[in-house]
Amino acid sequence: MRKTVIALSILASSAAAQAELSVAPDPSIAVPSGQPVEFYESLSDRPAMGLTARFRFLAPELPVRLQAMSYEDLEADLAYLCETYALPRLGDPEPSMIVISLASAPSEFGTPNPDVPEVFEMYRPESGTCAWEAF
């Protein structure tokens, strides 16, 4: 009986891990600038400012785009990702902050990599929209 319970626990854990993995990447997301963007990962933490949801996206053309795009165009992409991708995926409790980041390649969160350009902005969920937060 004990072996059966352990085996079922292992199967359940494996199924949960599979379900979690199958949700992650979405096909390319259309952003206002037209650059190719795809979801990479989401993280949550609780820094001094409260619960924060982080949505990380890959934008392989980011190094070239950074040279050509205005800040306004770049921020329009980040705000769009916040409102159309992040907001509908928030859980309970609702975070006090949402961080949207674009990176040219995958990288470990919190580990600087000078070879991987990355930009991010912070937003506050407010009445169904993302309000930009200066930090």
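The model contains 1 cavity of 30 Å³ or more, and the largest cavity has a volume of about 30 Å³. A cavity here is a set of points, on a 1 Å grid over the protein atoms alone, where a 1.4 Å probe fits but cannot get out; lining residues have an atom within 4 Å of a point. Grid points are joined across faces, edges and corners, and the volume is the space filled by probe spheres set on the points. This is a predicted model, in which local features need pLDDT of at least 70 and side-chain atom pairs count only at pLDDT 80 or more, while totals for chains, interfaces and linings use all residues. Residues are numbered from 1 along each chain as its sequence is written, and side-chain values use heavy atoms, with hydrogens and water left out.

**Cavity lining**

- The largest cavity is lined by Y40, R56, F57, L58, S101, A103, A105 and E118.
- By class, the lining holds 5 nonpolar, 1 polar and 2 charged residues; Ala, Val, Leu, Ile, Met, Phe, Trp, Tyr, Cys and Pro count as nonpolar, Asp, Glu, Lys and Arg as charged, and the others, Gly among them, as polar.
- β2 and β3 each supply at least two lining residues, and β2 gives the most, with 3 residues.

**Confidence and overall architecture**

- Mean pLDDT for the protein chain is 82, with 80% of residues at 70 or more; pLDDT is the predictor's confidence in each residue, from 0 to 100.
- Residues 1-24 have pLDDT below 50, and beyond near neighbours in sequence this stretch has 2 contacts in the model. A contact means heavy atoms within 4.5 Å.
- The protein chain has 3 helices and 5 strands, in the order α-β-β-α-α-β-β-β from the N terminus. Helices (H or I, at least four residues) and strands (E, at least two) are DSSP runs, numbered from the N terminus.
- Of the 135 residues of the protein chain, 35% count as buried. Buried means under 20% relative accessible area, exposed over 50%, and partly exposed in between (1.4 Å probe, protein chains only).
- Among contacts in the protein chain with a separation of 6 or more, 58% are between residues 24 or more positions apart.

- The largest nonpolar core has 25 residues, of which F55, F57, L81, I98, I100 and L102 touch the most other members. A nonpolar core is a set of buried Ala, Val, Leu, Ile, Met, Phe, Trp, Tyr and Cys residues joined through side-chain atoms within 4.5 Å.
- Two or more residues of this core come from each of β2 (52-58), α3 (71-86), β3 (97-103) and β4 (118-126); α3 gives the most, with 7 residues.
- L81, not counting residues up to four places away in sequence, touches I29, V31, V37, F57, A86, I100 and L102.
- The buried residues in α3 are L74, E75, D77, L78, A79, L81, C82, Y85 and A86. Their cover includes β1 (38-45), β2, α2 (62-68), β3, β4 and β5.
- T84 also lies in helix α3, but T84 counts as partly exposed because its relative accessibility is 40%. T84 and I29 are 55 residues apart in sequence and 10.0 Å apart in space, C-alpha to C-alpha.

**The loop between β3 and β4**

- S104 sits in the loop between β3 and β4 and counts as buried, at 17% relative accessibility. Leaving aside neighbours within four places in sequence, S104 is in contact with A59, P60, L62, P63, V116 and P117.
- F109 lies in the loop between β3 and β4 and is partly exposed, with a relative accessible area of 40%.
- With neighbours within four places in sequence left aside, F109 is in contact with E41, L43, R54 and R56. F109 and E41 are 68 residues apart in sequence and 9.7 Å apart in space, C-alpha to C-alpha.

**Backbone features in other loops**

- D92 and P93 are joined by a cis peptide bond, with omega about -5°; P93 is in the loop between α3 and β3.
- S127, in the loop between β4 and β5 (129-133), has phi near 50°, a positive value in a residue other than glycine. S127 counts as exposed, at 77% relative accessibility.

Note on methods
On a 1 Å grid over the protein atoms alone, a cavity is a set of points where a 1.4 Å probe fits but cannot get out, and a pocket is an open set with protein on both sides within 12 Å along at least five of seven lines; lining residues have an atom within 4 Å of a point.
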